[in-house]
Amino acid sequence: MPGHHAGARPRIPIIPAESVTASTCTGAESFALMVLGDSMAPEFNQGDVVIIEPEGLATEGSYVLALWQDEWIFRRLGRRADTWHLQALKPGYPDIELPDLKPIRGVITQKSRPGRRRATKHYAG
């Protein structure tokens, strides 16, 4: 295959955030999204690309993609007593209390900064 190198990793599709639909996030294939906004700074900055594993195990402290009130949201999953919360990393953004984990549609397993190969970081997923 032209351009294919032995041992090369398969390409993961990058999907623009405005194109994300419920069906995009229900398959078993990993996909990538670009971070928009600053709610997850300083760990994730605008323009970073994150890899989402739709079937990843979401646990306390995981970075997750959730569908909440018809909006896609990227947050850290937290737990207080018997309730789950979506938490921004940057102060000033409110926590979102979840009735259960059904809104979680995937776990972030990796981030990278376009144009900076060495700026890749992996997360448990």
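**Rings in the core**

One aromatic cluster is made up of F44, Y63, F74 and Y123. This is a predicted model, in which local features need pLDDT of at least 70, side-chain atom pairs count only at pLDDT 80 or more, and totals for chains, interfaces and linings use all residues. Residues are numbered from 1 along each chain as its sequence is written, and side-chain values use heavy atoms, with hydrogens and water left out.

Rings of Phe, Tyr and Trp (its six-membered ring) pair if their centres lie within 6.5 Å; planes under 30 degrees apart count as stacked, over 60 as edge-to-face and the rest as tilted. By that rule there are four aromatic pairs. (Strands are DSSP runs of E, at least two residues, numbered from the N terminus.)

F44 also pairs with F74: the ring centres are 4.8 Å apart and the planes are at 80°, so this pair is edge-to-face. Here F74 belongs to strand β4 (residues 71–80), 30 residues from F44. Both F44 and F74 are buried, meaning under 20% relative accessible area with a 1.4 Å probe, protein chains only.

Finally, look at K111: its charged end sits over the ring of F44, 5.3 Å from the centre (NZ of Lys within 6 Å of the ring centre and within 35 degrees of the ring normal).

Technical notes. Helix = DSSP H or I, 4+ residues; strand = E, 2+ residues; numbered from the N terminus. Buried < 20%, exposed > 50% of the residue type's maximum accessible area, 1.4 Å probe, protein only.
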